[in-house]
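Okay, thanks everyone, let me get the next one up on the screen. I'll talk through some packing and then zoom out.

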Amino acid sequence: MLEAIAAWACRFTPKVSLEPPQELLLEVQGSLRLFEGEAALLAQLRQGLEAMGFPARLATAPAARGALWLARSGVARLEAVPVEVICAPEELAFLHSVGITTVDELGALPREGLGRRCGPRLLEALEHAFGRSPEPRSFFAAPPRFAVRLDLQTPVTQAEALLFAGRRLLVQLEGLLAARQAGVRRFTLVLIPDRGAESSIEIALASPARASERLAAVLRERLSRLRLAQPVEAVRVEAADFIALDARTAGLFGDAAVEAEDWACLVERLRARLGHEAVCGLAAQPDHRPEHAWRRVEPGEWDPRDYRPPGPRPLWLLEPRRLEEGAFDLLAGPERIESGWWDGDDAARDYFVARLPGASLGWIYREAGEWFLHGLFA
């Protein structure tokens, strides 16, 4: 779990160091301007940790070990840290015997005598805490995939109740994605029962995303339609195949990218509620037969090629309707469309623009000696 929190914390700085079993160190000097100062950065850290369900004590200091001591003790000044926080039991017994209770008093002792009594470890720790000597640390590397489990306090029998646990894990996923400047097109919620096989819920997104609110909104729609076969003891969120995703800045006078993102969120919620196959996109494809000049695509995966068929095309394409000879006046044409022999749906038609009763303009064709209405012009 400490590694999962470290992955989330990488959104604030790439220099995150583990201090097992329950502490993390973040070098944030280079991030203060980005997050508008130390107070704002600490507020975001505290807010994110609370959203994930982790109570935390935060402290800052010029040196890593000094920040650790302040966080462990809860005092405001490094000199006021109790020696119980920094000393081993054998060292503590000696210091209490000579009346030493704080780091300030400890620093006033002669260094040579303190080194002989307590060893070099305590002297080195003091040097590191006050920044008088560097303390080399290993930094945590953000993983290339996400897989974090959360055990529930009580077995859950209603699917909607899983959203609270899922949201905590999605906040961690958002932090990892922000650290890697990436997004995901899909993630998985794995349901772990006390007994029996695990089950999984696949969540697909219309476009790459990393905001936990957006991911949770789609998950809520899926859970609202789910019935649990057995109580769930734990959940796990998995995500891989990260996609590069840069942060966007909204425009002052409207923003096409933001509007497209709103549409993507709508598509995701509709698919989660109605089913994946119920919502799709349409794109043009090069085929002279009007009924075959489109194809189904995934939302957002539009074909950049702009296919324009030759000749006039109506705005409203209809199922072919039989017309009586003489019930129209030909205005333009013919346009021969002869195609489709390769797929068994071959067509040999002569198309015309015609004026229909009521002064409307129609797109009609003649095939095998009969006339058909195939579309209406605006």
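So, which residues does Gly175 touch, if we skip residues up to four places away in sequence? Ala7, Trp8 and Arg11. One caveat before I go on: this is a predicted model. Gly175 is found in helix H8, and with 0% relative accessibility it counts as buried. In sequence, Gly175 and Arg11 are 164 residues apart, yet C-alpha to C-alpha they are 5.3 Å apart in space.

Let's look at that contact from the Trp8 end. Leaving out neighbours within four places in sequence, Trp8 is in contact with Gln44, Leu45, Gly48, Leu49 and Met52, and also with Val171, Gln172, Gly175 and Leu176. Trp8 turns up again in the largest nonpolar core, which has 52 residues. Trp8, Leu162, Leu170, Leu189, Leu191, Leu223 and Val235 are the ones that touch the most other members. Who contributes two or more residues to this core? On the helix side we have H1 (2–9), H2 (38–51), H8 (162–179) and H9 (212–224). On the strand side there are S3 (146–156), S4 (182–193), S5 (199–209) and S6 (232–239). H8 gives the largest share of this core, 9 residues. Another core lies apart from that one, with 21 residues, among them Cys87, Leu106, Leu126 and Ala129. As a general point, nonpolar side chains in soluble globular proteins tend to be buried together.

Two of those names, Leu126 and Ala129, take us to helix H7, where both are buried. What do they pack against? The buried residues of H7 pack against helices H3 (64–73), H4 (89–97), H5 (103–107) and H6 (111–118). After H7 comes Gly131, with a positive phi near 75°.

Now, rings. A search of the whole structure gives 7 aromatic pairs. Take Phe12 and Phe35: this pair is tilted, 5.2 Å centre to centre with 45° between the planes. It links distant parts of the chain, since Phe12 is in the loop between H1 and strand S1 (16–19), while Phe35 is in the loop between strand S2 (23–26) and H2, 23 residues apart. Phe12 counts as buried because its relative accessibility is 4%, and Phe35 counts as buried too, at 12%.

Over to another pair, Tyr351 and Tyr365. Their ring centres are 5.0 Å apart and the planes are at 45°, so this pair is tilted. Tyr351 is in strand S12 (residues 347–355) and Tyr365 is in strand S13 (residues 361–367), 14 residues apart. Tyr351 is buried, with a relative accessible area of 1%, and Tyr365 counts as buried at 4%. Ring pairs link Tyr351, Trp363, Tyr365 and Phe372 into a cluster. And there's a charge here as well: the charged end of Arg349 sits over the ring of Tyr365, 5.0 Å from its centre.

A quick stop at strand S8, residues 281–284. Gly281 and Ala283 make up its covered face, and Leu282 and Ala284 the uncovered one. S8 pairs with strand S9 (residues 294–297) in the antiparallel sense, over 4 bridges. Leu282 has Arg296 as its bridge partner in S9.

Last, the whole thing. The secondary structure comes to 10 helices and 14 strands. How does the radius of gyration sit against a compact globule of 378 residues? The globule would be near 21 Å, but the protein has 33 Å. Along its principal axes, the C-alpha trace spans about 120 × 50 × 35 Å. Buried residues make up 40% of the 378. And among contacts between residues at least 6 apart in sequence, 55% join residues at least 24 apart. Okay, that's me, over to you.

Conventions: Residues numbered from 1 in each chain as written. Predicted model: local features only at pLDDT ≥ 70, side-chain atom pairs only at ≥ 80, totals over all residues. Heavy atoms only, no water. Core = buried A, V, L, I, M, F, W, Y, C linked by side-chain atoms within 4.5 Å. Buried < 20%, exposed > 50% of the residue type's maximum accessible area, 1.4 Å probe, protein only. Contact = heavy atoms within 4.5 Å. Phe/Tyr/Trp six-rings, centres within 6.5 Å; stacked < 30°, edge-to-face > 60°. Lys NZ or Arg CZ within 6 Å of the ring centre and 35° of its normal. Pairing = 2+ DSSP bridges. Rg over C-alpha atoms; globule rule 2.2 N^0.38 Å.
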